[in-house]
Amino acid sequence: SYPLPLDATAGSSWQLPSAAQAVQRLFDEGILLSAAFNHDEALRSLRAAAGLAPDEPMIQWAIAQAYGGNLNRPLTQRSRLQAAQAAAQRSTALAAAGSRSLTAEEAVLIEALALRFSRNRSVATKTWVSREDVSYFRALRSGLSKIATPSA
């Protein structure tokens, strides 16, 4: 099989308002790589995007997500947890500072992420899913269901 070309994101972009083309490309690439479970490469792209757009809360959100645990890699390393917590806190702080107007979906994602990477969270030991993960999933379900557009 052939590797997926990274320019495949051209048709499915998560638009960041007023982002420069380079920032948008790096962000989309990071989201694609993270969804493909290539989190270390995703982090390279997302950190580069954050260097170009340090006030964008969704880039920090994506960085925290990429550091966080997943089905292939539970969050067992303290350094990854601390990096995820720091990025989640930056995302929350940028959103609260009003660096830009967030969509309702983005606000839900950032608020839920703050629950997932709270200061009280510890690294995974015996379970794949922590209490914070459960709180995160519940907040996502609740928040997104409130803003879902009813089908016509």
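In what order do the elements of the protein chain run from the N terminus on? Then take me through the core and the aromatic rings.

Analyst: This is a predicted model. From the N terminus, the elements run α-α-α-α-α-α. That makes 6 helices and 0 strands. The protein chain has 152 residues, and 41% of them count as buried. Of the contacts between residues at least 6 apart in sequence, 59% join residues at least 24 apart. The chain exposes about 9,000 Å², with 55% of that supplied by carbon and sulfur atoms.

Now the core. In soluble globular proteins, nonpolar side chains tend to be buried together. Here, the largest nonpolar core holds 32 residues. Phe27, Met58, Ile59, Trp61, Ile63, Leu113 and Phe117 have the most contacts inside it. Two or more residues each come from H1 (21-35), H2 (39-52), H3 (57-67), H4 (78-97), H5 (104-116) and H6 (131-147). H3 gives the largest share, 8 residues.

Take Trp61. Leaving aside residues up to four places away in sequence, Trp61 touches Trp14, Ile31, Ser91, Leu109, Ile110 and Leu113.

Next, the rings. The structure holds 1 aromatic pair. Tyr136 and Phe137 form it, 5.4 Å centre to centre. Their planes stand 55° apart, so the pair counts as tilted rather than edge-to-face, which needs over 60 degrees. Arg116 lies over the face of Tyr136, 5.3 Å from the ring centre.

How values were computed:
Residues numbered from 1 in each chain as written. Predicted model: local features only at pLDDT ≥ 70, side-chain atom pairs only at ≥ 80, totals over all residues. Heavy atoms only, no water. Helix = DSSP H or I, 4+ residues; strand = E, 2+ residues; numbered from the N terminus. Buried < 20%, exposed > 50% of the residue type's maximum accessible area, 1.4 Å probe, protein only. Contact = heavy atoms within 4.5 Å. Areas by Shrake-Rupley, 256 points an atom, 1.4 Å probe, with all protein chains shown as cover. Core = buried A, V, L, I, M, F, W, Y, C linked by side-chain atoms within 4.5 Å. Phe/Tyr/Trp six-rings, centres within 6.5 Å; stacked < 30°, edge-to-face > 60°. Lys NZ or Arg CZ within 6 Å of the ring centre and 35° of its normal.
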